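These are my notebook entries on one structure.

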Amino acid sequence: MTSHDPEPRPQDVDAAVPGCKPAAGDAVADPRAALDPLHATFVGGMADGVAFLAAIRDDGGQIVDFRVEYANEAFGRIVGRAYDQLVGHRMLELSPLWAEGLFDVCAKVVETGRPQSQQSLAVQGGRDWAGRDRSAATLTVSISKLGGGCAIHSRDVSVHQQAKDELFRSQELLRSVLDTFPARVFWKDLESVFLGCNASFARNLGLADPMQLVGKTDFDIHKQADAERYRADDREIMRSGKARIEYEEPMTRPDGTEGWARTSKVPIRDKNGRVIGLLGSYQDITDQKRAAEALRESEEFLNSIVENIPVMVFVKDARTFRFVRLNRAGERILGYPRERLVGQDTSALVPPHEEEHFNAIDRLVATAGQVVEIPEETITNPTAGTIVMHTIKVPIFGDDGKPRYVLGISEDITARKTAEQGRRESEERYRHIIESITNYMVSVQIDRGVAVGATHGPGSVAVTGYAPEELNADPRLWESLVLPEDRELVEENLRRVLKGVRVPPIEHRVRRKDDAVRWVRETFVVRFDEAGEVVSYDVLVEDITEQRTLQSQLLQAQKMEAIGRLAGGVAHDFNNLLTAILGYVEMCKLDLPPELPPEHPARQDLQEISGAGQRAAGLTRQLLTFASRQVLAPVRLDINLLVNDSIKMLQRLLGDDIEIETALASDLQTVVVDPGQIEQLLVNLSINARDAMPDGGRLLIETNNESIDAATAAARPGAVSGPHVRLSVTDTGVGMSEEVRSHLFEPFFTTKGLGKGTGLGLATCHGIVRQLSGHIEVYSEPGQGTMFRIHLPSSSGPADPPPVAPSVPPASHGKETVLVVEDEPLVRRLAVLGLRGHGYRVLEAANGADAIELARRAGNTIDLIVSDVMMPGMRGPALVRELATIAPRARAILMSGHADAAELDTASQLHDAFLAKPYTPERLARKVREVLDAPAVE
């Protein structure tokens, strides 16, 4: 209670001390006895001083002193007396200063019954009302009437004052610390309203005084998106009561740029533990983040350089010489993944002598602390073999000034060393290389329309056979090399150039120093002076002989392809006719009376017709072979065995005046071919050689393995790269001219007289080789004999065993239903008559649409489909696939006199049989029975 508190009513005075029981008279005999135990405990434990005083009056009733009836321990501490020094003693005896004001106040309270309050301040070095020496202090005293005396309630407020002073000083210190703290600090209430901040926070917002922030929210000082995020963070922290420490978040900086902050927020609680706000701080770490990002990018950049540099970079521990780091090039050079290398030395990676060398150099670097360069050293790579390196090793020092690591940089110079070796070899071949260059430049100076000097480049040797010095010394030498029939073209072109006319490239022939004729292309670049006069020109001279040869070969190949298509088409139609001719001849033979003798003209005429048909069928087979349309049965073949088996037969063909020799490779690889094709190649080439050696000679048959690279294959029409088998047939005959060679493989081309040859022998060879994905080359000069080289792709497997020829039983009869599909009426009628004659129920159709309609009506009663391959509208394989859904149990036979590889492959995939035209009714019936009796193919 202070002097400003309202005075209590008189009737309330006695209640100032709860539980007081005043004794009779003016004094309280024992105030402690007047307190019940609860209140006695309460008063005794109070921090404030409490004392009960009894008034002492003189005879006139005037109060002259007070006696202490009760005092708690706090009161004793305040006045500096023990309990037994207080209770029962008179106050004026305890302290003479009692009379200085306090006595009168107590007397007034007793007399009036009105409580009083008073503060007593002791100056420095003075005494208080209790008589103690004290420094400056403040006591608050409240006095209330109690019975015939009074109760004194005293409080030493000097301690509270000191606490307030300390609090003030602490607040000032905290303010000073916060204001000098580099982080931005702020605190908010439950509604995220700012209650304060430090100077750094205020300055960051452009505020002169932190108090200017009080009462504002984030929406007043930040962008909407940022403010909403901050508000959400605040609410979550105050809701959960959990702090968020040093988390990074985006922020908009005061200058409007985007940045990053490292923020911490903790909830503020009252004395009851309830959250009443939050304290936050943040630091602008934008520059730090950018620096870290720049450092990371720099490290990544440097790491990328180290990883992608084409030289080995490695780091070893200077004590153990174990790898600490290794780049990608190091993995390649050492031949091991870095997971195996890091943490290991080279002891298990390289031979002992290499390890000893590496360790010796590492020790020198680590002990001497100096850079060591090894111009050349070798290391054994487990897969690449020996690698030559140029190495530099550098010591990396630690904080103690001693080498801590060994940095190594090794460049793979194997290719360089190989190149140096190659350079020495190439220098020896330099002149040959220069001489083999197939184009060069000629620079010509012009004065008043006349050539006054020419400079030929070094490539002239390859093109003309003459060195540049020879051509430069004799200006007319180049003109003399041009073939006479081409000189007019060259001279006219030169006249136009000298007139300043821009001319296109020209092509002409020159005769080399070695008398060989070469084709060249000249491309002119003319230079003019300011007046528009020609002052010089350059000519690019290119040897295009090979290019023109390839063009000629391409045209020849295209011509042969066109002829092959024509021949195949002719053979297809011819085979249909031969099928009808041979078939009806066979039917006529069956119709002849049995008693007709063999020498009867009818039998003989039919036999002649049949023989002529068979010879015609042989011609069509050769045409189909040339056109690559014949049906094949390829096996893996050893050509050497076939050559040896064919020698006797070939000797009979050639005659005794021609000697046959062989030179067969012992390790010859196999080829996948139809043996009949190779036999036909040997026979046709041997017959061609016999015709070229009318007076006898020698025939050489050779075999070899060879590998054709991509460049060689590109230069040979029809060739493919890879391993090959070469079959060569060389004769010592009359040879042939270039004109004859250009038509050599054309069908019906022959150098024999009229009626002495079909002209299909070499054309058939060309067709066979082309069908086998090989190529054929011819080398021949008049009077020099001829060599045919056949190149066939080889196979790595062993040769297949020779097949056993099956016996041919007579055709059996049957009762199954056969659907015959053939667009040629004569052939269709022949097939129908032949099958019906063998007991079969036959349905016939002229095309695929009719066959499908018939099959739908017949349902699933069809047992076999016999179809031509080449038909208008729908081809045989496609028809068989379509009928598989209509007549699923029906098997199929495909027939053709002209079927390409794609059609036959399709038939094979469908598990269909194939019958080549021309055929007879007997062959057809036999094939039908064979297919129907064969086990089902899953």
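**Entry 1: cysteines.** I took a disulfide to be a pair of cysteine sulfur atoms within 2.5 Å. The model is a predicted one. I then looked up C106, which takes part in no disulfide; its nearest cysteine sulfur belongs to C150, 4.2 Å away.

Entry 2: I next listed the buried positions of helix 5, which covers residues 102-112. They are L102, F103, V105, C106, A107, V109 and V110. For background I noted that an α-helix has 3.6 residues a turn, so residues three or four places apart point the same way. Directly after helix 5, I found G113 with a positive phi of about 80°.

Entry 3: I looked up the strand order and recorded an open sheet of five strands, 12-11-15-14-13, with antiparallel pairing. Its edges are strand 12 (323-326) and strand 13 (372-381), each of which pairs on one side only. On average, neighbouring strands here are turned by 30° against each other, direction ignored. Within the sheet, strand 14 (residues 385-397) and strand 15 (residues 403-412) are antiparallel and joined by nine bridges. I noted H390 opposite E411 of strand 15. Which helix lies across strand 11, strand 13, strand 14 and strand 15? I identified helix 13 (residues 352-368), running at about 150° to strand 13.

Entry 4: I recorded an open sheet of five strands in the order 17-16-20-19-18, with antiparallel pairing. Strand 17 (450-456) and strand 18 are the edge strands, each pairing on one side only. Neighbouring strands of this sheet are turned by 30° against each other on average, direction ignored. Helix 18 (residues 484-498) packs on the sheet and touches strand 16, strand 18, strand 19 and strand 20. The direction of helix 18 makes about 130° with that of strand 18.

I then went through the strand pairs.

- Strand 18 (residues 506-511) and strand 19 (residues 517-528) are antiparallel and joined by six bridges; V510 has R518 as its bridge partner.
- Strand 18 and strand 19 form a hairpin with five residues between them, and D515 in the turn has a positive phi of about 80°.
- Strand 19 and strand 20 (residues 534-543) run antiparallel, with nine bridges; R521 is bridged to E542.
- The hairpin of strand 19 and strand 20 has five residues between the strands, among them G532 with a positive phi near 90°.
- Strand 16 (residues 439-447) is antiparallel to strand 20, through seven bridges; N439 stands opposite E542.

**Entry 5: a helix crossing.** Lastly I examined helix 26 (residues 825-837) against helix 30 (residues 921-933). Their axes come within 9 Å and cross at roughly 60°, and the crossing is right-handed. On the side of helix 26 I listed L830, A831, G834 and L835, which meet P921, L924, A925 and V928 of helix 30. By class, this contact has seven nonpolar residues, one polar and no charged ones.

Definitions and conventions: Residues numbered from 1 in each chain as written. Predicted model: local features only at pLDDT ≥ 70, side-chain atom pairs only at ≥ 80, totals over all residues. Heavy atoms only, no water. Buried < 20%, exposed > 50% of the residue type's maximum accessible area, 1.4 Å probe, protein only. Helix = DSSP H or I, 4+ residues; strand = E, 2+ residues; numbered from the N terminus. Axes fitted to C-alpha atoms, helices over the stretch in contact; angles between N-to-C directions. Left-handed = near helix turned anticlockwise from the far one by under 90°. Contact = heavy atoms within 4.5 Å. Nonpolar A, V, L, I, M, F, W, Y, C, P; charged D, E, K, R; others polar. Pairing = 2+ DSSP bridges.
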